[in-house]
Each structure stands twice: as structure tokens, then as C-alpha cells.
Amino acid sequence: MNGDGLEDLYIGGAKESAGKLFMQTTAGTFKSANEAAFEAAKISEDVGAAFFDADGDGDLDLYVVSGGNEYAPQAPALLDRLYINNGKGDFKQSANSLPEFSASGSCVAPADFDGDGDQDLFVGSRSIPWEYGLTPTSYLLENDGRGKFSIATEKYAPELASVGMVTDAAWIDYDKDRDLDLVVVGEWMPVTLFQNTGKRLVNITGKAGLGKTHGWWNCVTVEDLNKDGQMDFVAGNLGENSKIKASEAEPASIYLADFDINGTLDPILCYYKLGKSYPLPLRPDLLNQLPFLKQKFPTHAGYAGKQITEIFTEKQLSKAVVKEAYTFATSVFYGHADGTFQQQPLPVAAQFSPVYAIMAKDFDADGAKDLLLAGNFHGLNPQLGRYDASYGALFRTATFKSRSSNELVANSHSKTENSAGSFTFVPMRNSGLSLTGQIRDMVSLQYRNKPEVIIFAVNNERIQVYEMRGE
């Protein structure tokens, strides 16, 4: 950030806890900087961030996405922030560079999508506060070349505004025409692809073979994994270690309506069991949400085994917004020369828990990209239990040598005959991974002139750091 050749780090803060910019020193330690600038926005929850050159002056500025469900939809705490760098690592929040929109955001992806030489932005929104399930508004922001942004979604990609409950996005040159296309993932939506025609971003999800990939997607990474010249996607999903299952024939679903006509949206989550769709809430939970149903179901026995169509009338359900998910498998989507993609679920070790962070990297120096996955989610009721079965998962395309338990191991001497696009799980005793908690992001970073370290961001806990060993 300050031009000294050392990599620095920004860690987003939760509500009432300011984000931190850590500047690396020549001694290999990190020092918090610009604390006053970030402290002023500590009321906001940082859910996404990106370094990019906003004003075209050759140094990196910082965009921070605000989100969460704690505030009303128009609360100032949901406003995103742009911090301008003076070239020396001193950041100051810009007062008038961003259009004012209040959204429960999820991600930001910088790119020059219009080809005019400056960095523009896609800003994804995950939800509407207090109305989970409804589709929020996402934004395409166009840069005027001097670091002032305006909303350009209607101009370039009207469908992108209501694409879904976005959790992550990435820019790629999908069709090799030297402009940038956009892949977007989220909850209750397919892996979605927008093709850049040079003038507009056009939704080609169905044409690309992704039309039935609706899931609870948390993150996406783009890479040519099998070295065929076509870009592939790796997308983190809920996983398949849950009471809730999903398939095209028997999807997980959510019904959204004001069933008790009190002005509040009532989301009802449903899942299939033995070919029938049942509401997930237990009777006490459902009656707490919808007291008028107590007369219809005065006993547990009367409620047990009732399908969603037996709880609500046809008229009530006809007014509901319905969303479905057809796959919960964390997967690779391999790109083909004809412009389509083929979904390939990762091995079972990737399905133990929700995946929120993915890194594609050649950990074993064999020339092929490996995958590092992390996640978990604790915010569930006792009926489902915590999703905490992942301690981090490393998938390789070559054999790894076993080492002690606190280091990622890269062994370039031992190979297998696996193809470059075929992934094999590396057991914890070999990978050295033993991550705990709810991992939400990861980055690689160099310090002290050593091989890279992987830094893991953990919800409500300290970061965790693993050093890579190339032995």
C-alpha cells in the first residue's frame, strides 16, 4: 500500500469493530495503520473488500462493502465506503466518489468491463434486511476515470440488478474476445454468467448449460484447472452433510408470503423426504411465527407429517414467492470449447460442511492447480445442529509427503497419474491443516522473504495463519 515492496493486509471488522489495515514492516511484522479512518465507520459490518486503483494515480485504493441483517434497509451503516490512498499508504474516506445506495452487500469485484482504461465495479447484494428470501438490488458502478462512480446497471446490464441473492462474483474473459465477462453466484440462484458483447452484459446462463445449477452458493473462484485453454469455475456450496437435501426432482424450496397478513414476510423453508415436501420448522417454531395456525394444529400429532400443501391453502400458496435449490454439492464447472460448462462435484471430503473460501494454487509445484477449501457455519437451531465438520480441505493433483500438523506441505518429488483436472483429498495428517471455527475468507501473502503464508479470516475469532513448506 505504501510502495515499499512489502505486501500489506486489510481485515474487515464486524459491527462495532472497525476494520484494520496492517502494514508490513522490514522486520516482517505488521503494524496497524490509519486507525482513525476506519474507526469512523465501525458501526458498519465489513462483508467484502478489494484493493484497486480507483482514481488512476498508480497506487491502490480500498473499497469496503457493508452488509448484515442488523439494520433497516436504508440505514447509513449499510453504505459502502471508498478509501483513497495518497501513495504513501495513508488512506482517507472519500466523501463524494460513490453514489449513495444502501444495501446489505456481499462482495465487490473491480474490473475495466467497458474497456475505457479505468477500473469499474460490480457490487453484489445478498439480501434485504429483515426480509430474507426476497431479491435485493445489485449494482454495476462505472468509473469516470478520476475515481467518481455512477450506477450504470440499467445502461449495461438491466438484468444484473435483480440477478439474485448474490454472495460472490468474478470477472473473466469467458469467450476470449478480450473483454471481461462476469460470473455471479448466490443463494437460491444458479451459477450465473453474463457475457460482455462490448456494449452490454447479457445473461447467457441457460445457453452455457448452467440453467439448473441453483444452489446455496457462497463463493466462486475462476481458473483453467485442466489446462485445456477454457476457464473453469470452482464454487462453494452448502455441502451434502445436512438434513436438507436438494436435487432437480426433489428441490429444497422456500415460500415467501405474508401468511398471517400482519405486514411482515414469513419465509417457510421446505425439504423433501421420501418423495414429499415438508416444512422444516418444528410446530413450536412455526406457531411462534404464525400463531393463527394453532387452531388448525392444536397438537404435535396433528402437525406431524403434514406437507406444505396441507398446512396452507392453495390460495395462500399461490400468493407466495417460491425459490428452489437443485444442488448443494461444492463443485467444479469445467468449461468446454463450445461455450458450455459441465458440473463435477468435488470428492466427499469437500461436502462435509459449507464452503465459504476457495483458493486455486499449485501447492505441490507439479505444474497443476490444487484446491484449498474452508468454511463451516454455526448459526443454526438445534434441529439441524452446527455445520462444523470441516477443518480445511486440501485437494491435490499429485501425492503429498506427510509432515507435522501446522504446515501446508508441497512435495514436488512424488507424482501420481491423476489428470490435471482430477482432485484427490489430502488427509489432515498429510496436509497439516487443522482449521477451527467459521472460515469466511483466505488470502496468500509473502513476508520475511519466506515462502507464502495462507491467512484465514474467521468469523468472531482471531485470524489463523499457516506457513507453506516446500519440502
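How many nonpolar, polar and charged residues are in the lining of the second largest pocket? Sorted by class, that lining has 11 nonpolar, four polar and three charged residues. Here Ala, Val, Leu, Ile, Met, Phe, Trp, Tyr, Cys and Pro count as nonpolar, Asp, Glu, Lys and Arg as charged, and the others, Gly among them, as polar. The model is predicted, with local features needing pLDDT of at least 70 and side-chain atom pairs counting only at pLDDT 80 or more, while totals for chains, interfaces and linings use all residues. Residues are numbered from 1 along each chain as its sequence is written, and side-chain values use heavy atoms, with hydrogens and water left out.

Now for the empty spaces. Rolling a probe the size of a water molecule over the atoms shows where empty space is left. On a 1 Å grid over the protein atoms alone, a cavity is a set of points where a 1.4 Å probe fits but cannot get out, and a pocket is an open set with protein on both sides within 12 Å along at least five of seven lines; lining residues have an atom within 4 Å of a point. Grid points are joined across faces, edges and corners, and a volume is the space filled by probe spheres set on the points. The second largest pocket holds about 280 Å³ of space. It is lined by 18 residues, and P76, L79, D80, R81 and Q93 are the closest to its centre.

As for cavities, searching the whole structure turns up two of 30 Å³ or more. The largest cavity has a volume of about 50 Å³, and its lining is made up of A349, A350, F352, S353, P354, V355, L373, A374, S390 and A393. Eight of these count as nonpolar and two as polar, with no charged residues. The second largest cavity comes to about 30 Å³ and is lined by F113, D114, Y156, N196, G198, K199, R200 and L201.

Next come the sheets. Strands (E, at least two residues) are DSSP runs, numbered from the N terminus, and two strands pair if DSSP finds at least two bridges between them.

β19 (residues 252–257) and β20 (residues 266–273) pair over five bridges, with Y255 standing opposite I268 in β20.

R178 has a positive phi, near 70°, despite not being glycine, and is found in the loop between β12 (165–172) and β13 (181–189). With 85% relative accessibility, R178 counts as exposed; the cut-offs are under 20% relative accessible area for buried, over 50% for exposed and partly exposed in between (1.4 Å probe, protein chains only). W188, also not a glycine, has a positive phi of about 60°. W188 lies in strand β13 and is buried, at a relative accessible area of 6%.

Conventions
Helices (H or I, at least four residues) and strands (E, at least two) are DSSP runs, numbered from the N terminus.
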